[in-house]
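Dear colleague,

Please find the structure below for your records. My findings follow it, and I would be grateful if you read them with the coordinates open.

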Amino acid sequence: MAEMHTAATSLPGTSRTLTSRQRWLALVVLTGSLLVVMMDMTILILALPALTAELKPTATEQLWIVDAYSLVLAGLLIPMSALADRWGRKKILLAGFVIFGVVSVLVLFADSPSSVIALRVLLGAGGAMIMPTTLSMIRSIFPDAAERARALAIWAVVASLGGIIGPVLGGALLQFFSWHSAFLINVPFVAIALIAGALLLPESRDPNPPRWDFLATLLAMAGMVAIVWGIKEAAKSAWADLGSWALIAAGLALMGLFVLRCLRRPDPLLDVRLFRSRPLTAGAIAAFTASVAMAGMLLLVAQWLQSVAGFSPMLAGVALLPMAIGSLIVGPFAPALARVLGTRNALAAGLAVAGAGLLWIFLTGGVTSYWQLVGPLALVGAGTGALAIASAVIMGSTPAAKAGNAAAIEESMYDLGNVLGVALLGSISLAAYRTPVDVDAFLPQGLTPDQISQVEESIAGAQIVAAETGITALGDQAAVAFADALGQASLIGAIVLLVAAGAVRLLVPGQFSITEQHHH
């Protein structure tokens with residue numbers, strides 16, 4: 001116990017000098033800033049059709065517009081966390097806000113797909129400065145384990161809510177404004193966060209930061225980017241392209257070299273020895289797999305709502321709310337659930353509940369009505385609400401001085417999960433959608449080669465072509481095919497979550513508690 005408190009107090013200006021009220025106000029600022037970063041992961045899902053209509057990006061450019069953000073975020077999380085530990089977490093957080101605000105205004109000058117991709121890259125860099133610092137600051141602001149578990153539960157609920165509020169807010173804005181508003185909405189949030197952060201947040205840093213390791217930084221960035229890029233490329237070729245697999249292998253090799261370098265140094269950029277802690281490893285698995293399922297499902301369900309059910313962007317956003325409600329109901333009570341059920345049971349149960357929600361979609365056998373999705377969405381939301389426990393497990397099993405390292409690990413898991421979820425479940429559904437759509441049957445009705453590729457590239461494309469040509473049978477066939485594809489992707493997501501639930505149950509020791517201090 002004493003060791004934990006000295007770790008906390010040796011961080012300048014942290015919890016020991018803060019009153020209880022100041023601590024919780026600081027949490028409001030940190031979770032508010034997290035909300036903006038999480039919204040930006042998903043806000044473009046609903047803005048994409050409007051953006052596509054205006055800027056005419058290719059299918060590849062569309063993927064990059066959505067994914068460039070999380071790709072850069074993934075590459076920079078570890079270096080930015082190390083930088084924050086060294087220079088001060090508050091400084092890096094506020095710098096991230098400035099980048100976020102400025103880039104969000106620059107969207108007014110974006111007039112091509114490549115300029116939007118460039119802005120998303122810069123937003124990703126700002127996000128990488130914000131996300132891990134919010135987590136590591138909570139670790140140092142709340143030295144008491146029980147209080148910290150509550151704070152992390154709130155953080156995790158806001159993280160999952162941000163992903164769901166993104167499409168709702170995006171939809172609402174698109175009802176009245178152009179797609180640019182999906183970026184501009186960041187500006188007022190950032191302005192408030194900058195002022196409140198400067199006034200309320202204490203500075204904290206690692207008392208003995210590692211020397212900056214340029215090679216490790218390059219390895220981490222190149223490795224993460226290569227893995228994510230390889231997954232995206234493989235997804236487009238239905239996982240049959242050897243070059244994509246080579247890229248994934250190269251990324252894994254680079255990350256392997258990064259791990260080796262960190263193990264050999266007395267002051268590593270990322271302390272990978274933290275993975276010796278079985279609870280931390282279990283928390284990382286939970287964060288990763290839940291993100292895979294959530295990101296993939298949000299993308300596919302949002303597509304189904306708009307392209308098959310014909311919902312407006314605003315209505316599609318509102319239709320995703322059962323997921324947010326499920327998360328809101330379960331998340332805040334996650335620490336209490338962990339006390340009653342035991343940490344490992346609560347964590348495994350959360351993943352299993354989310355898996356059951358996805359299994360339900362598959363068992364529906366081709367969704368034909370929105371009401372068939374309400375129950376599954378609520379279950380997935382409730383299950384991911386248990387991620388509050390994963391966060392408390394990861395941060396609670398780490399000394400305060402290593403908070404930045406633990407935060408980088410947790411955020412990397414969320415981010416890789418997001419990207420893999422979109423690529424994996426997106427490509428599974430695309431392959432399943434393409435097979436039954438018989439485009440050749442409609443060739444006699446005068447479809448151009450360009451229209452055929454549009455139909456094959458996405459359900460949205462198929463509906464546009466059906467509307468342009470008046471071939472309603474084509475739209476109907478595509479809608480049935482996409483509903484089946486949604487079911488198949490849900491089955492894969494369910495399997496991933498249920499396997500993870502079993503793994504987590506085995507990894508976390510029975511007596512582990514998130515409301516008590518733990519050491520390595």
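At roughly what angle do the axes of helix H4 (residues 89-106) and helix H5 (residues 113-141) cross? Please note first that this is a predicted model. The two axes cross at roughly 150° and come within 8 Å. H4 and H5 are therefore roughly antiparallel to each other, since an angle over 145 degrees counts as such. Their crossing is left-handed.

On the H4 side, the residues that meet H5 are Arg89, Lys90, Ile92, Leu93, Ala95, Gly96, Phe97, Ile99, Phe100, Val103, Ser104 and Leu106. Their counterparts in H5 are Leu119, Leu122, Leu123, Gly126, Gly127, Met129, Ile130, Thr133, Thr134, Ser136, Met137 and Ser140. By class, the residues of this contact between H4 and H5 comprise 14 nonpolar, 8 polar and 2 charged.

The axes of helix H20 (residues 459-469) and helix H21 (residues 472-507) cross at roughly 165° and come within 8 Å. H20 is therefore roughly antiparallel to H21. The crossing of H20 with H21 is left-handed. H20 contributes Ile459, Ala462, Gln463, Val465 and Ala466 to the contact, while H21 contributes Leu474, Gly475, Ala478, Ala479 and Phe482. The residues of the contact of H20 with H21 are 8 nonpolar and 2 polar, with no charged residue.

Helix H16 (residues 371-385) was examined for its length. At 1.5 Å a residue, its 15 residues should span 21 Å, and its end C-alpha atoms are 22 Å apart, which agrees. The buried residues of H16 are Leu373, Pro376, Leu377, Val380, Gly381, Ala382, Gly383, Thr384 and Gly385.

Two individual residues also deserve mention. Lys56 is located in the loop between helix H2 (20-55) and helix H3 (59-87). Although Lys56 is not a glycine, it has a positive phi of about 50°. With a relative accessible area of 62%, Lys56 is exposed.

Ala336 belongs to helix H14 (residues 334-341). Its relative accessible area is 30%, so Ala336 is partly exposed. In sequence, Ala336 and Ala149 are 187 residues apart, yet in space they are 9.6 Å apart, C-alpha to C-alpha.

With kind regards

Note on methods:
Residues numbered from 1 in each chain as written. Predicted model: local features only at pLDDT ≥ 70, side-chain atom pairs only at ≥ 80, totals over all residues. Heavy atoms only, no water. Axes fitted to C-alpha atoms, helices over the stretch in contact; angles between N-to-C directions. Helix = DSSP H or I, 4+ residues; strand = E, 2+ residues; numbered from the N terminus. Parallel < 35°, antiparallel > 145°, perpendicular 65-115°, else oblique. Left-handed = near helix turned anticlockwise from the far one by under 90°. Contact = heavy atoms within 4.5 Å. Nonpolar A, V, L, I, M, F, W, Y, C, P; charged D, E, K, R; others polar. Expected span 1.5 Å × (residues − 1). Buried < 20%, exposed > 50% of the residue type's maximum accessible area, 1.4 Å probe, protein only.
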